[in-house]
Amino acid sequence: MIYVMQILQVLALLFVLVLGALVLMAMLFYVLDKTQPGDAIRRNYPVIGRFRGLFTKLGEFFRQYFFAMDREEMPFNRAQRDWVKHATKGKGNTIAFGSTRNLGVPGTPIFVPAVFPPLDEQVTVTAPMLIGPTAAIPYSAKSFFNISGMSYGAISRPAVEALSRGAARAGVWLNTGEGGLSPFHLTGGCDLVYQIGTAKYGVRDEDGNLSDEKLRKMSENPHIKMFELKLAQGAKPGKGGILPGEKVSAEIAEIRGIRLGQDSISPNRHADINDYGELLDVICHIRKVTGRPIGFKTVIGSSESWEPLFQMINERGPECAPDFITIDGGEGGTGAAPMPLMDLVGMPIRDALPRMVDLRDRYGLKERIRMIASGKLINPGDVAWAICAGADFVTSARGFMFSLGCIQALKCNRNTCPTGITTHDKRLQAGLVIEDKYVKVAHYAKSVIKEVEMIAHSVGVSEPRLMRRRHVRLVQADGTSVAFNKIRPSYNADSVS
């Protein structure tokens, strides 16, 4: 009994101490809140006003996990993320009871099933496609679905390694992003597309100009199959980036070809490209130096402004054409971008892609220039739509981030990514186990490819690149649907839309 009383006394004393500490903290917060000039709510409602900030931060968590319906979240909803998660397991990705998708939302694609689809023994896997027929070393790309540009630096070392190994296992290419070629891109031995950004990291001289010597050396790497000149990306068209000097380690400086410990500023565009003529000159020059196919990535605001490019290509001859054009939608992603550019600048991919495809085809360049679609295309339906619209290839970055375990925490720009994908915090990176994640990357890529082929078979063709705009209908505001080729007739070379 004595021991019980002593324990109760100790607990009572602890309660008084804790209560006293809370009162002291409340008094301290009261004084701080009443005297600080920056927050009117805390100044007018000291102490309790602090809960507003807390609840605002917690609201993001509760909306994601408790309140938002499966298809309500942005930029990617739970249904999209769950599909990727199931796909990474390499098992059947089926659902029961019925679709949760609202098929009455304007713009929703509905694929047209064939009355008599091909029998299972009549279908084929997608054949490789040649890119860069005039290059000294053309590239026969095995997959229509590939990994978009993510730089080492923007994503972590284990993330890059997992993507490299997963890409090799799935037979897809991996775009290096504009940060240059790191040793971790080479870990898996996959096919690589070397992206040249406005700062020309990895292939620049000391003054930031394009170095033929470094270009030639890079092209000698057998894993680098193509080069991509990045004019713009969807999340921040017309805006360059700043790599702070404190992040420029010896490793990063070596990879990017910049000075150790000094800020590196990416121009908002290529300083040596002022018009379409100079763009074609640079493309021809890079192809001549490297012997590899070369194309460019951009975001469009109107198709009319790009018409002079195709006119100039025909005037100069098809040998001067880019080998591919990557169209990024204005809804494309990045680790950090100003909100006005991310939200308001650049045409969405579902508007931009068919416009550029039609321009290319109208000028008779369908077989010469491959069209690559990029920007928020992560599920089979997205990829199938893009191919119906005229894309030859589709690339995804955020889809593969989900395959690595991304939970859409929206902390890519804070170095606090809880899954270790976009952080350089070693403790957080430890959560990303390469041996597990690279298999999931490969499963995701294979699942997308398999299910796009399944959609193609359902609409009556033997493989995805035979799909046309007539194979998909778009839901209108009144709830009815209209064939895509009626809304936007195509200019396909075979005259079949």
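Ser 403 is found in helix α13 (residues 398-404), where helices are DSSP runs of H or I with at least four residues, strands are E runs of at least two, and both are numbered from the N terminus. The model is a predicted one, so local features need pLDDT of at least 70 and side-chain atom pairs count only at pLDDT 80 or more, while totals for chains, interfaces and linings use all residues. Residues are numbered from 1 along each chain as its sequence is written, and side-chain values use heavy atoms, with hydrogens and water left out.

**Around Ser 403**
- Ser 403 is buried, at a relative accessible area of 2%; buried means under 20%, exposed over 50% and partly exposed in between, using a 1.4 Å probe and protein chains only.
- Skipping neighbours within four places in sequence, Ser 403 is in contact with Val 84, Thr 88, Lys 440, Val 441 and Tyr 444, contact being heavy atoms within 4.5 Å.

**The whole protein**
- The secondary structure comes to 16 helices and 15 strands.
- Of the 497 residues, 49% are buried.
- Take the contacts between residues at least 6 apart in sequence: 68% of them join residues at least 24 apart.

**Helix α12**
- Nine of the ten residues of α12 (residues 380-389) are buried, so this helix is largely enclosed by the rest of the structure.
- The buried set is Pro 380, Asp 382, Val 383, Ala 384, Trp 385, Ala 386, Ile 387, Cys 388 and Ala 389.
- Just past the end of α12, Gly 390 takes a positive phi of about 125°.

**α8 against α9**
- Helix α8 (residues 276-290) packs on helix α9 (residues 307-316) at about 55°, with the axes 10 Å apart; axes are lines fitted to C-alpha atoms over the stretch in contact, and angles run from 0 to 180 degrees between N-to-C directions.
- That makes the pair oblique, given that under 35 degrees is roughly parallel, over 145 roughly antiparallel, 65 to 115 roughly perpendicular and the rest oblique.
- On the α8 side, Tyr 276, Gly 277, Leu 279, Leu 280 and Asp 281 meet Pro 308, Leu 309, Met 312, Ile 313 and Arg 316 of α9.

**Residues 7-32**
- An unreviewed UniProt entry puts a "transmembrane region" at residues 7-32; positions follow the numbering used here, feature names are shortened, and annotations may be inferred rather than shown by experiment.
- In the model this span is 100% helix and 0% strand, and its end C-alpha atoms lie 37 Å apart.
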